[in-house]
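I opened this notebook to keep track of what I looked up, in the order in which I came to it. The entries begin with helix packing and then turn to the ligand and the loops.

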Amino acid sequence: MVGWFSRTVVAVTLRMPRWFVRWVSRRYVAGATLDDAVTIMKRLSSEGACFTIDVLGEEISTLDEAQYFFDEYVRAIEAIQQHGLDANLSIKPTAFGLLVDEEAGMNNMRKLVKMAAEHEMFVRLDMEDHRVTSATIKAVVDLHSEGLTNVGTVLQGRLFRSLADIDALETEIGPHADYRICKGIYLEPEEISFTSYKDIVDATNACVDKMLEAGAYVGIASHDYPVIDHALEALESHNLGPGKEDTRNNAGPPRLNKGPGYEFQLLLGVRGPLRRKLLKQGHRTRVYIPYGEKWYEYSIRRLKENPTIGTQVAKAFMMPWTNRP
Ligand code: FAD
């Protein structure tokens with residue numbers, strides 16, 4: 001019944017004018033401009049959160065389009081410094097041209113990662129669909145081999161290959177590995193990925209364990225209690241937690257503007273009470289802050305990919321004061 005209701009609300013919302021979609025999505029998207037993102041980050045800083053900034057947009061079809069993302073991220077670096085924010089960057093390799101021309105895309109990313117390094121800032125390469133998994137991991141390994149260690153990637157628990165990727169990265173960059181682990185948002189073919197909820201949770205949890213065992217820095221990116229609860233237990237078994245030093249004997253070096261060993265990561269506007277609980281318990285907790293001209297496309301994608309969001313849309317309509325990050 002709830003499923004039917006939720007899907008109906010989403011279907012109706014998808015047919016509503018842009019202003020309505022903007023109103024509904026205002027808890028998930030900081031806004032169209034960098035100033036909007038700064039405003040949200042300043043507000044959530046008071047909760048103790050830290051941030052990663054995502055300029056909305058994905059795959060481009062010509063290299064010229066990459067310039068927009070490059071310029072916008074340079075502005076984001078400047079804004080982070082100017083406002084003294086505890087924030088880093090999340091970039092989409094295909095928005096930098098990885099699928100148009102791998103070498104040119106790599107050059108664009110190298111330029112940005114270098115600039116971020118000069119400002120002691122970390123850059124996360126978001127993980128997109130399976131067409132670019134290997135190229136994204138290779139980009140991180142290559143940048144590390146050039147001495148740019150302020151970069152890390154994301155592995156997706158749902159992919160069969162992820163445990164082997166952790167082994168490979170351990171060999172290639174050792175304790176410098178800095179991961180975000182998530183379930184994976186792309187619905188990948190069953191030949192290469194788990195498809196049932198339980199298998200995806202189990203596989204994601206197995207990655208968390210393996211990353212912690214490898215001495216890596218682990219960003220646990222989930223709002224799902226079976227993943228969060230498993231991570232909390234795994235952290236405890238490695239003696240990691242609020243106020244604790246990283247005593248794993250294979251632990252990597254201290255990270256740029258990060259605490260020891262791990263952090264939790266959540267999307268803006270999703271499960272705020274969980275975010276506040278983790279922060280209250282003293283866990284370093286990073287909020288993913290999407291902003292940009294492409295807010296409409298992003299919002300529509302979020303609505304389509306998570307039909308249960310319909311109940312939240314209905315709640316926002318009936319209790320507008322709850323519709324905030
Ligand atoms: P779910 O079971 O999907 O969610 C648990 C509950 O959280 C849901 O019932 C719902 O109440 C709420 N929820 C979860 N997602 C949403 C949403 N989008 N909108 C509203 N409510 C929601 N995936 C990638 O493939 N590549 C990436 O680089 C990547 N980066 C990410 C970065 C961060 C910080 C986070 C938190 C996620 C990222 N993801 C990425 C997405 C991730 O792979 C999952 O698709 C997403 O987090 C949902 O999985 P979940 O573990 O939260 O569990």
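**Helix packing**

The axes of helix H5 (residues 102-118) and helix H6 (residues 133-145) cross at roughly 50° and come within 11 Å. Here an axis is a line fitted to C-alpha atoms, for helices over the stretch in contact, and the angle runs from 0 to 180 degrees between N-to-C directions. The helices and strands that I name are DSSP runs numbered from the N terminus, with helices (H or I) of at least four residues and strands (E) of at least two.

Before going on I wrote down that this is a predicted model, in which local features need pLDDT of at least 70 and side-chain atom pairs count only at pLDDT 80 or more, while totals for chains, interfaces and linings use all residues. Residues are numbered from 1 along each chain as its sequence is written, and side-chain values use heavy atoms, with hydrogens and water left out.

I then followed H6 to helix H7 (residues 162-173), where the axes come within 10 Å and cross at roughly 20°. That makes H6 roughly parallel to H7. For helix H8 (residues 197-213) and helix H9 (residues 225-237), I found axes 10 Å apart and a packing angle of about 25°. H8 is thus roughly parallel to H9.

**Around the ligand**

Which residues come nearest to the ligand? I found 24 residues around the ligand, and those that come nearest are Met127, Lys183, Gly184, Ser222 and His223; a residue is counted as near if one of its heavy atoms lies within 4 Å. This shell divides into 12 nonpolar, 6 polar and 6 charged residues, where Asp, Glu, Lys and Arg count as charged and Gly is among the polar ones.

Gly184 has a polar backbone atom 2.7 Å from an oxygen atom of the ligand. A backbone N or O atom of Ile185 is 2.9 Å from a ligand oxygen atom, and Gln156 places a polar side-chain atom 2.9 Å from an oxygen atom of the ligand. Of the 930 Å² of accessible area that the ligand has on its own, the protein covers 85%, as given by the Shrake-Rupley method with a 1.4 Å probe.

Strand E4 (151-156), strand E5 (178-182) and strand E7 (262-267) are the elements that give two or more residues to this shell. E7 gives the most, with 3 residues.

**Two loop residues**

Glu120, in the loop between H5 and strand E3 (123-125), has a positive phi of about 50°. Arg271, in the loop between E7 and helix H10 (272-280), has a positive phi near 45°.

Conventions: A polar contact is a pair of N or O atoms within 3.5 Å; within protein, one must be able to donate a hydrogen and the other to accept it, and residues adjacent in sequence count only if both atoms are side-chain atoms. Angles under 35 degrees count as roughly parallel, over 145 as roughly antiparallel, 65 to 115 as roughly perpendicular and the rest as oblique.
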